[in-house]
Amino acid sequence: MGTLRITKHLSALLLFATLLPWAAGAPAEAARPQPVRNNIVLIAADGVGWNDLAEPFWKDTVPTNRLASTPNLQWLAMHGIKFTSAYASTEATPSRLELLTGRNDLSIARSRHTADSPDPGLPDLLAKAGYRIVPCDPDFISPQETIESLDAAIATAQPFFLYFWGHVGGPADIEAIDRKLGPVIAWLNEHRLFSSTTVVFVSASGSAATKDISGDHPQYPLRGGRGTAFEGGIRVPLIVVPPCSDSVLMHPLPRTCGQTVVTIRDLMPTLLAQAGMSRRFNPRKKESHDLTPLFTGGTVRWRSRPLVWHSLALDGEAESYSILRQGDWKLIYYYSSGHTSLFNLGEDLSEIIDHGENPVQAKRREQMARTLTRTIQKARAPIPEGACCPDGSEPKEHR
């Protein structure tokens with residue numbers, strides 16, 4: 001009987017303790033866990049091709065993997081995720097805008113020809129959320145100054161965003177970027193901050209090289225280079241090291257994600273999610289997606305999304321074209337000639353066999369051309385004056 005009475009008293013006390021905050025008027029949100037605010041290190045470079053690093057992004061090592069020594073980037077690949085089906089825009093400037101705004105090629109092409117106001121960029125959003133923006137311009141700021149800024153950030157318990165952009169003209173520039181990354185990796189290890197830091201390396205365009213020792217393909221097995229519509233001009237290296245424990249650092253398990261096609265603009269919502277700011281970002285009509293589920297081997301609903309590139313030449317020498325990738329198939333439409341190329345990347349990664357005039361693929365070609373035309377028109381993106389649309393129709397007026 002005594003035991004029963006004690007049990008009843010304990011139950012009443014527990015119930016009272018549970019209800020006490022509500023009786024005092026405490027808000028319901030007080031019990032919710034605060035979002036994780038990871039530190040972010042973002043290294044972007046213009047002109048690093050898919051196989052320009054010492055770390056191979058194809059199944060085999062190729063000659064260009066031996067042209068530059070990149071031990072620090074290899075360290076990231078060993079401890080993170082290597083995305084082998086990642087894409088950027090055809091040139092660095094639109095790629096940078098995609099990276100920092102999450103907008104796609106069509107939106108950027110339209111805004112460059114209209115008075116559209118730019119969306120707030122990633123650094124602005126992070127700064128407003130209390131992140132310390134660490135300057136890391138490799139041309140003007142020494143590695144020591146960067147480390148001092150990082151020390152100041154942890155001294156004030158602020159999450160930090162370190163971002164720098166490198167320009168690459170050859171292997172020496174790639175090695176210079178890799179050397180600048182070394183002190184940052186050492187500092188993160190010294191302060192045991194990899195458990196609360198997301199590190200990203202991405203290239204903003206294909207290789208600047210036109211030829212190498214393997215012949216006409218500077219990014220073998222890919223065809224073409226920066227500025228072209230071929231894979232060598234738009235497929236780029238992407239490495240992500242999500243927050244990881246000390247045991248993972250000591251016993252790394254390198255991972256590769258190649259089945260899901262991702263883009264440089266997907267990094268905008270991904271990094272905001274890593275900063276606990278997913279609700280701050282509302283991409284226009286799902287122009288970009290959070291890659292976080294892929295960090296743990298998960299799947300995403302947008303895995304088979306179609307991707308569109310829209311490159312308008314700003315001078316008379318370059319070619320204007322639009323690209324649609326849908327599954328393994330890739331269609332390229334050239335505005336000046338009206339020529340259409342069609343490749344099956346699943347069977348022909350080097351884009352050697354052109355199905356543009358193959359009668360067997362006529363239905364697929366026509367369907368993809370209509371899809372590309374509708375997408376361009378829906379975005380009200382401009383096309384060259386006097387040119388036809390990818391499906392051969394006359395362009396509608398862009399209001």
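Visitor: How many bridges join strand β1 to β5, and do they run parallel or antiparallel?

Guide: This is a predicted model, in which local features need pLDDT of at least 70, side-chain atom pairs count only at pLDDT 80 or more, and totals for chains, interfaces and linings use all residues. Residues are numbered from 1 along each chain as its sequence is written, and side-chain values use heavy atoms, with hydrogens and water left out. Strands are DSSP runs of E, at least two residues, numbered from the N terminus. Two strands pair if DSSP finds at least two bridges between them. Here β1 (residues 39-46) and β5 are parallel and joined by 7 bridges. Val41 has Val199 as its bridge partner in β5.

Visitor: Which strand pairs with β5 in the antiparallel sense?

Guide: That is β6 (residues 235-241), over 4 bridges. Val200 has its bridge partner, Val240, in β6.

Visitor: Are the faces of β5 covered or uncovered?

Guide: In a regular strand, side chains alternate between the two faces of the sheet. Buried means under 20% relative accessible area, with a 1.4 Å probe and protein chains only. In β5 (residues 197-203), 7 of 7 residues are buried. Thr197, Val199, Phe201 and Ser203 lie on one side, and Thr198, Val200 and Val202 on the other.

Visitor: Where is Ser322, and what does its side chain make a polar contact with?

Guide: Ser322 is in strand β10 (residues 321-326). A polar contact is a pair of N or O atoms within 3.5 Å; within protein, one must be able to donate a hydrogen and the other to accept it, and residues adjacent in sequence count only if both atoms are side-chain atoms. The partner of the Ser322 side chain is the side chain of His310, at 2.7 Å. Ser322 has a relative accessible area of 0%, so it is buried.

How values were computed
Buried < 20%, exposed > 50% of the residue type's maximum accessible area, 1.4 Å probe, protein only.
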